[in-house]
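Please read them alongside the sequence and the coordinates.

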Amino acid sequence: MMDTPICDFVQNYIQKQNLRLHMPGHKGVPVLGAEPWDITEIEGADSLFEASGIIRESEQNASVLFGCKTFYSTEGSSLCIRAMLYLALLNAKSQGRKPVVAAGRNAHKTFLSAAALLDFDILWLYGDPKDAYLSCRITPEQAEQAIRQAKEKVTALYITSPDYLGNMADIAGLSEVCRKYGVLLLVDNAHGAYLRFLPVSCHPMDLGADLCCDSAHKTLPVLTGGAYLHISDAHLAELEPLAKQAMLLFASTSPSYLILQSLDAANRYLAEAYAPKIEAFMPQVLQLKEQLGKQGFDCIGDELLKISIDAKAYGYTGNALKDLLAEKNVICEFSDPDFLVLMLTPEIGSKGVKTILDALSSVPRRQPIAQKPPRIPMPETVLSVRESVMRLQTCIPVKAAAGRIAAMQHVGCPPAISVVVCGERIDENVQNCLAYYGITECFVVK
Ligand SMILES: Cc1ncc(COP(=O)(O)O)c(C=O)c1O
């Protein structure tokens with residue numbers, strides 16, 4: 001049986017009914033209910049960024065489960081993304097190279113906050129212009145061409161896979177290209193922690209990624225904030241000693257022990273219960289997608305546990321479909337004018353699958369909506385992300401922003417992906433795109 005050293009320690013601590021003259025201020029007295037379990041770095045509790053005791057043991061359990069070196073984050077993939085990029089920069093430095101990161105344009109906004117903090121150069125890679133801006137399917141051929149044609153040697157390739165709509169990149173193919181050119185492959189696998197536990201793993205670390213982050217909380221039964229940073233064996237000697245420092249550079253010094261316990265408990269669950277659960281759940285999801293297809297719903301993407309519906313093809317906007325489902329107490333992950341995204345896990349069981357089918361089946365099909373999203377902008381870069389973020393900025397109506405340079409991000413989460421990136425010139429196409437997604441104000445450089 002896989003042990004759960006962090007959970008055991010806290011349970012033991014609670015049983016002793018100690019007088020808590022340490023942080024947090026609630027002293028274990030329930031207000032919300034979870035307070036007794038919410039401890040800090042007391043004697044024996046170890047310390048996340050200098051782990052040598054129970055946290056280290058628990059991280060070792062996670063490493064066994066993922067088949068590579070794995071570290072915990074209690075601040076989501078966001079923390080791991082910044083750490084991955086910092087590690088990639090150190091890697092470039094060790095080779096006397098300037099940090100240049102080639103990145104799929106659908107990068108989450110944390111990628112941009114990392115660029116603002118670390119000041120690396122970005123070479124944006126655009127996918128198929130017919131794709132939604134949330135998807136950016138970079139093929140190995142495209143990546144190779146970009147790496148070969150780049151003015152400065154590319155340090156790292158940064159890919160988001162699966163993306164918000166459930167498209168998965170050819171990580172094995174991209175990894176081959178990266179190896180050929182000595183480029184690190186960094187994968188934002190925030191949406192794909194579970195991929196490791198499918199009957200045949202398609203987790204990025206098993207397909208050749210060098211560094212990868214997973215938001216455990218997005219697809220596994222883990223509290224919000226729980227995430228993993230993975231390092232491949234190929235770069236272990238060089239990057240492992242720096243990994244905790246890299247995380248600490250951006251992290252809070254008060255990591256949540258509730259989240260650590262959740263990650264710890266998940267190890268046992270993943271080791272003992274999860275694989276058969278997901279194996280039994282897979283055919284139910286596949287059948288659901290098939291049934292939805294028969295009813296006229298166009299389910300896009302190739303990720304198992306996401307149902308992404310091209311809502312307009314069914315005669316609705318994604319937002320309208322979301323509202324109709326909410327009336328039936330079915331709350332979806334994401335919607336926009338075009339798509340509706342549902343995230344499933346085995347936790348919803350066959351009852352949940354039936355509820356989805358019933359709810360969607362009750363929506364009458366209508367004439368498809370022909371309006372397509374505006375073409376994905378490819379704005380001119382005027383300033384680096386860092387330069388633009390450090391300038392004084394002002395918030396103005398999008399309508400009045402033509403010609404101005406975009407400053408801070410103005411996209412909410414989800415999807416936290418920008419159609420225009422800080423430092424880029426806002427043009428008419430950007431304005432149309434922002435208006436289409438309901439964004440009426442934006443920050444620009446003063
Ligand atoms: C693709 C992607 N990457 C990274 C993140 C950040 O993950 P977290 O919320 O775990 O910090 C998100 C969150 O929505 C995401 O969708």
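**Notes on domain contacts and salt bridges**

1. In this predicted model, K277 counts as partly exposed, at 36% relative accessibility. K277 forms a salt bridge with E347, in which the closest N and O atoms are 3.8 Å apart. Because K277 lies in helix α9 and E347 in the loop between β11 (339-343) and α11 (349-361), the pair ties together parts that are 70 residues apart in sequence. E347 is likewise partly exposed, with a relative accessible area of 41%.

2. The domain assignment divides the chain into domain 1 (5-269), domain 2 (276-361) and domain 3 (385-445). The centres of domain 1 and domain 3, taken over C-alpha atoms, are separated by 28 Å, and their contact draws on 15 residues from domain 1 and 16 residues from domain 3.

3. Between them, domain 1 and domain 3 bury about 1400 Å², of which 64% is on carbon and sulfur atoms. On the domain 1 side, R105, K109 and Y133 supply 41% of the area buried against domain 3, more than any other three residues.

4. Four residue pairs are in polar contact between domain 1 and domain 3. On the side of domain 1 that touches domain 3, α4 (109-118) and β3 (121-125) each supply at least two residues, and the largest share, five residues, comes from α4. The residues of that side divide into ten nonpolar, two polar and three charged.

5. The rule finds one salt bridge across the interface of domain 1 and domain 3, whereas a search of the whole structure finds 18. R105 lies in the loop between β2 (100-104) and α4, and E424 in the loop between β12 (393-397) and α13 (428-436), so this pair ties together parts that are 319 residues apart in sequence. In the salt bridge of R105 with E424, the closest N and O atoms are 2.7 Å apart. R105 is buried, with a relative accessible area of 6%, and E424 also counts as buried, at 1%.

6. A further salt bridge joins the side chains of D128 and K130, at 3.7 Å from N to O. Here D128 is partly exposed, with a relative accessible area of 33%, while K130 counts as exposed at 74%. Elsewhere, K98, D121 and E152 are linked in a network of salt bridges.

7. N267, placed in helix α9 (residues 257-294), counts as buried because its relative accessibility is 0%. The side chain of N267 reaches the backbone oxygen of S58 at 3.2 Å. Leaving aside residues up to four places away in sequence, N267 touches M2, S58, N61, A62, L65 and Y72.

Methods: Residues are numbered from 1 along each chain as its sequence is written. This is a predicted model: local features need pLDDT of at least 70, side-chain atom pairs count only at pLDDT 80 or more; totals for chains, interfaces and linings use all residues. Side-chain values use heavy atoms; hydrogens and water are left out. Domain bounds come from an automatic or database domain assignment. Contact means heavy atoms within 4.5 Å. Buried area is the accessible area (1.4 Å probe) that two parts lose on being put together, summed over both. A salt bridge is a side-chain nitrogen of Lys or Arg within 4 Å of a carboxyl oxygen of Asp or Glu. A polar contact is a pair of N or O atoms within 3.5 Å; within protein, one must be able to donate a hydrogen and the other to accept it, and residues adjacent in sequence count only if both atoms are side-chain atoms. Helices (H or I, at least four residues) and strands (E, at least two) are DSSP runs, numbered from the N terminus. Ala, Val, Leu, Ile, Met, Phe, Trp, Tyr, Cys and Pro count as nonpolar, Asp, Glu, Lys and Arg as charged, and the others, Gly among them, as polar. Buried means under 20% relative accessible area, exposed over 50%, partly exposed in between (1.4 Å probe, protein chains only).
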